[in-house]
Amino acid sequence: MKLPIFIADAFTAKAFHGNPAAVCLLENKLDENLHQKIAKEMNLSETAFIRKLHPNDNFTQSSCFGLRWFTPQNEVPLCGHATLASAAVLFHKIKNVNSTLTFVTLSGELKARKEEDGIVLDLPLYPAHPQKLHEVEDLIKTAIGDTLVQDVRYSPDTKKLLVRLSDTYNRSFLESLTVNTENLLQVETTGKVKGLILTLKGEPGGQTQAFDFYSRYFSPWNGVAEDPVTGSAHAVLSSYWSEQLGKKHLHAFQCSNRGGELTISLRSDGRVDIKGGAALVLEGTLTA
């Protein structure tokens, strides 16, 4: 078996930044267990599998495809950066003729629209509800110690816990914060939390570009200690920060060591447009 495979860095304009995802193009149906084996072999936070929905479809002309995402450990219901990487491969490498692609996924239909300065993802917007601190205090303390917390929210749709750090901290504090992901699996075993978002209010622009908010994301429950730039986390963060800042258009930065930028627009239909760039860094053939 030979499969075309690519690696694209998402939510960045330059290689070796943003979040890398592997993208496999499936001409034919793949044995179910091979999806997970390939994702484990790639050992990236996500491997995406694009499949044709009808026998006569082709990757250049068709506008609608099936899409699944796997971490090295399991399949996930939503992955923004691997969707962006998949669209980038189809648009820029395969030269798909359409300006908008539709992906049929476990999270419903997701659209990716090509623009001059990036690719816009149409994603669900997930509300985050106030969370009683005492129920998650051990998890938070294990992760970030005595770091001051200003707000805690929970997104039941995504099983993500959003922890807003005190406004007294700045971006450099969030970037340098050491997060203990090793012990989180022992502290949170109920299945309620599958991802931890740390977020911080942005700073006005001075010497550097202004961002509305910053974040980092951790998901050891999915086999991903820290994810560099996370579209699905921003489907939660967009809802929260729009409410906090009273803004529908937001500019965000995820403060991993690779870093990534996201341009966010909340829509009137209850969804969110998240735009980012992508850089193709590898292309080859997977042989199994």
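The charged end of R171 sits over the ring of F253, 4.2 Å from the ring centre; such a contact requires NZ of Lys or CZ of Arg within 6 Å of the ring centre and within 35 degrees of the ring normal. The model is predicted, so local features need pLDDT of at least 70 and side-chain atom pairs count only at pLDDT 80 or more, while totals for chains, interfaces and linings use all residues. Residues are numbered from 1 along each chain as its sequence is written, and side-chain values use heavy atoms, leaving out hydrogens and water.

**Charges and rings**
- The charged end of K52 lies over the ring of F59, 5.3 Å from its centre.
- F253 also belongs to one aromatic cluster with F211 and Y214.

**Aromatic pairs**
- Rings of Phe, Tyr and Trp (its six-membered ring) pair if their centres lie within 6.5 Å; planes under 30 degrees apart count as stacked, over 60 as edge-to-face and the rest as tilted.
- By this rule there are seven aromatic pairs.
- F213 and W241 form a stacked pair, 5.8 Å centre to centre with 10° between the planes.
- This pair links distant parts of the chain, 28 residues apart: F213 is in strand β13 (residues 213–219) and W241 in helix α6 (residues 231–245). Helices (H or I, at least four residues) and strands (E, at least two) are DSSP runs, numbered from the N terminus.
- Y240 and W241 form an edge-to-face pair, 5.1 Å centre to centre with 80° between the planes.

**Burial and exposure**
- Buried means under 20% relative accessible area, exposed over 50%, and partly exposed in between (1.4 Å probe, protein chains only).
- F213 is buried because its relative accessible area is 0%.
- Both Y240 and W241 are buried.
- F16, in the loop between β1 (2–10) and β2 (19–26), is exposed because its relative accessible area is 64%.
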